[in-house]
Amino acid sequence: MLSPADLQESVVPAPSSGPSLAPKPGRSAFCRAAGLSLAALARLLAGSSVRWIASQPDTCQRIYFANHTSHLDALIIWASLPQTVREVTRPVAAKDYWSRGIVRRWLAQEVFDAILIDRTAIKVHQSPVDLMLREAGTSHSLIVFPEGSRSVSGEIDEFKSGLYYLAKKRPDIELIPVHIDNLNRVLPRGEFLPVPLLSCISFGPPLWLERGEAKLDFLARARRAVMSLKE
Amino acid sequence: MNDIRTIALITGVLALLTAVTAVGQFLKRHPDRGLDPAAVRTFNLRIRGWWVLCTVLAAAFWLGTTATVVLFGLVSFWALREFITLTPTRKGDHRALFWVFFAFTPLHYLLVGLNRYDIFSVFLPVYATLFVLARVAFAGDYKRFLERTAKIQAGLVVCVYCLSFAPALLQIPIEGAGAVGRSANFRLLFFLILLVQFADCMQYVWSRMLGRRLVAGAVSSNRTWEGLVGSAASTALLAAALWWAAPPFQPWQAALAGLVVATMGFAGGMTMSAIKRDRGVKDYGTLVVGHGGVLDRIDSICFAAPVFYHITLLVTGAGL
C-alpha cells in the first residue's frame with residue numbers, strides 16, 4: 001500500500017456514498033476465465049500452500065494486509081482466496097508499475113479489478129486512503145501492503161500509516177493479517193523470470209483498531225500480527 | 001509366454017498389499033494389542049502410500065514408456081523444488097536456478113526418453129555443473145561461492161540425475177525377452193521399486209527387533225547397523241525368490257542386486273536425514289503444510305536406481 005506517513009485525517013466518506021457495489025458489469029466471461037487460469041497458474045508456479053490460522057475465508061468486507069516481498073504478492077494472495085471471496089476482493093497496486101504496457105494494464109483493470117494508486121502524486125487533497133475506501137464501497141475487500149514497497153532485506157519493514165487511517169475511517173471492516181513466506185525467492189526484486197519454489201500464504205485472525213489506540217501502537221500491533229504468522 | 005510373469009508379479013503384489021492392508025486395518029480396530037498406536041498409524045499411512053504408488057505406476061506403465069519418463073520427470077521436478085526450497089540460496093543464484101529448473105531438468109529427461117545414454121550420463125554431472133558454476137560467477141556474488149554451487153549441484157544429482165535411471169531401465173535392450181519385450185523392462189523397473197520399498201520396511205523391522213548400534217545417532221535415531229544388515233539380507237532373499245520376474249538376472253545375480261539396492265537405499269535415507277537435520281526439519285513435507293514431501297518418499301530410490309541400472313547393463317552385456 002502506498003500511503004505517505006504524513007497523511008492528514010480527512011473527511012470520512014460514508015459507506016453508502018460509494019459507487020455501485022455489484023461486480024463490475026464490464027468484466028467479460030473471457031476476463032473471468034483469464035483470472036481463473038491465471039490464479040491456477042500462479043499457485044502452481046509458486047507452489048503455494050494456504051493456511052487459515054484461527055480465521056476463515058468469508059465474503060464479508062475485509063482488508064487483507066500483508067508483507068511485501070515480490071511482484072507476485074498481490075496475485076498470489078488473490079489466487080489463494082476461494083473464488084467467491086476473490087470475486088469481491090480488489091488488490092491495491094502501484095499505478096506506475098501496473099499501468100505500463102497493454103498486458104499489465106489489462107490484467108490490472110479487467111482481470112484483478114485492481115485499484116491503482118499513483119505513488120508520485122500522493123497529496124493530502126487526493127489521499128489514497130479515501131480513494132481506496134471509495135472504490136471498496138460497502139461490499140469489496142482490499143489487499144494492501146502497508147510497508148509501501150517491496151522489502152529489500154527480507155525482513156518486514158515498518159508499516160506506513162495508511163492502514164491506521166483505513167481502520168479509523170471504516171471501523172466496521174475486518175483487518176486480516178497475511179504472511180507471505182518464500183515468495184521473494186520465487187521472484188526476487190529486479191528479476192523477471194520465476195523459479196518454482198514452494199511458498200506459503202498464512203491468513204491470521206481479524207483485528208480492529210482499539211478505542212483510543214495510538215497510531216504507532218496500532219501499526220506495531222498490526223506488524224506483529226503479520227510476523228506472528230511466520231512460525 | 002512372457003506375460004505370465006507380469007501377471008504373476010502383479011497378482012503377487014496385489015495379494016501382498018491386500019494382506020498388509022487387512023493387517024493394518026485389524027491393528028487399527030483392535031488398539032488393545034499393546035502396540036503403539038502412533039506406529040500403527042504410520043504403518044497404515046505407509047500402506048496407503050504404496051497403493052498410490054502402485055496405482056500411479058500401473059497407469060504410467062499402461063500408457064507406455066514416454067508417459068513413464070514424463071511421470072518420473074515431474075517427480076524429479078517436484079523433488080528438486082522441495083530440495084531447493086529447503087536450501088538457503090542467495091539472490092545471485094536466481095538465474096542459475098531458473099535454467100536448472102526449466103532447461104536442464106526437462107532436457108535431461110528428454111535425453112533419457114530418447115535413450116541417449118552417451119549424452120545423458122554426462123549432461124547433468126558435467127555440463128550443468130559447469131553452467132551453474134559459471135552462471136553464479138557471472139551474477140557477481142562470490143559470498144560462499146562453493147557452498148552455494150555445491151547445494152544446487154547436489155540437488156540436481158540426487159533429485160534429477162539419479163532418479164532418472166529408474167525410467168532409463170525401460171530402454172535397456174533385454175535379450176530373449178520376446179515380442180512383448182517392453183513388459184520385461186517394466187517388470188525390471190517394478191522389481192527395483194519393490195526391492196527399495198521392501199528394504200525400507202525391513203530396515204525398520206530389523207532395527208526395531210534387534211537394533212543396538214546406531215549408525216550415526218546424531219543423524220538418524222532409528223537407523224542401526226543391525227537394520228542395515230538385516231534389510232540387505234532379507235532384500236537379497238526376496239530378490240532371489242523373485243528372480244523370474246526380473247528378466248536378465250540369474251537367482252544369484254538378483255540376490256546381489258537386492259543386496260546392493262538395500263544398501264544404497266539405506267545410504268539415501270541417511271543422506272537425506274543429514275540434510276534435514278542440518279536444516280532443522282523433520283521431513284520435507286513439514287516445510288510447507290499440505291505438501292506430502294515427495295523427497296521423503298523417493299530418497300532411497302534416488303540412491304538405488306543408478307547402481308541397479310549399471311548392474312543390469314553389466315548383466316545384459318548391453319554396455320559398459
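The model is predicted: local features need pLDDT of at least 70, side-chain atom pairs count only at pLDDT 80 or more, and totals for chains, interfaces and linings use all residues. Residues are numbered from 1 along each chain as its sequence is written, while chains are lettered from A and ligands numbered from 1 in the order in which they are written.

**Chain A overall**
- Chain A has 9 helices and 7 strands; these are DSSP runs numbered from the N terminus, with helices being H or I of at least four residues and strands E of at least two.
- Of the 231 residues in chain A, 42% are buried (20 or more other C-beta atoms within 10 Å of the residue's own; 12 or fewer is exposed, in between is partly exposed, and C-beta atoms are placed from the backbone).
- Take the contacts in chain A between residues at least 6 apart in sequence: 78% of them join residues at least 24 apart. Here, contact means that the C-beta atoms, placed from the backbone, lie within 7 Å.

**Helix α7 of chain A**
- Helix α7(A), residues 162-169, is mostly covered, with 6 of its 8 residues buried.
- Those buried residues are Gly162(A), Leu163(A), Tyr164(A), Tyr165(A), Leu166(A) and Ala167(A).
- The cover over them includes strands β2 (62-66), β5 (141-144) and β6 (174-181), plus helices α6 (128-136) and α9 (215-227), of chain A.

**Where the chains touch**
- Chain B puts 15 residues into the contact and chain A puts in 13.
- On the chain B side, α3 (65-86) and α4 are the elements that give two or more residues.
- That side has 7 nonpolar, 5 polar and 3 charged residues (Ala, Val, Leu, Ile, Met, Phe, Trp, Tyr, Cys and Pro count as nonpolar, Asp, Glu, Lys and Arg as charged, and the others, Gly among them, as polar).

**Helices of chain B**
- The axes of α4(B) (residues 94-113) and α5(B) (residues 117-138) come within 11 Å and cross at roughly 170°, so the two helices are roughly antiparallel (over 145 degrees; under 35 is roughly parallel, 65 to 115 roughly perpendicular and the rest oblique).
- Residues making this contact include Trp99(B) and Phe104(B) of α4(B), and Phe120(B) and Phe123(B) of α5(B).
- By class, the residues of the α4(B)–α5(B) contact are 14 nonpolar, 1 polar and 2 charged.
- Asn115(B) sits in the loop between α4 and α5 of chain B, and has a positive phi of about 60° although it is not a glycine.
- With 15 C-beta neighbours inside 10 Å, Asn115(B) counts as partly exposed.
- Just after α10(B), Gly280(B) takes a positive phi of about 70°.

**The largest nonpolar core**
- This core has 141 residues, and those touching the most other members are Val178(A), Cys159(B), Leu163(B), Leu192(B), Val261(B) and Ala305(B). A nonpolar core is a set of buried Ala, Val, Leu, Ile, Met, Phe, Trp, Tyr and Cys residues joined through C-beta atoms within 7 Å.
- Helix α8(B), residues 181-210, gives the most to the core, with 15 residues.
- Leaving aside neighbours within four places in sequence, Cys159(B) is in contact with residues including Ser76(B), Phe83(B) and Cys302(B).

**Two spots in chain A**
- Asn182(A) lies in the loop between β6 and α8 (183-186) of chain A, and its phi is near 80°, a positive value in a residue other than glycine.
- Thr84(A) is in helix α3 (residues 83-87) of chain A, and counts as exposed with 11 C-beta neighbours inside 10 Å.

Key. Axes are lines fitted to C-alpha atoms, for helices over the stretch in contact, and angles run from 0 to 180 degrees between N-to-C directions. Two residues are in contact if their C-beta atoms, placed from the backbone, lie within 7 Å.
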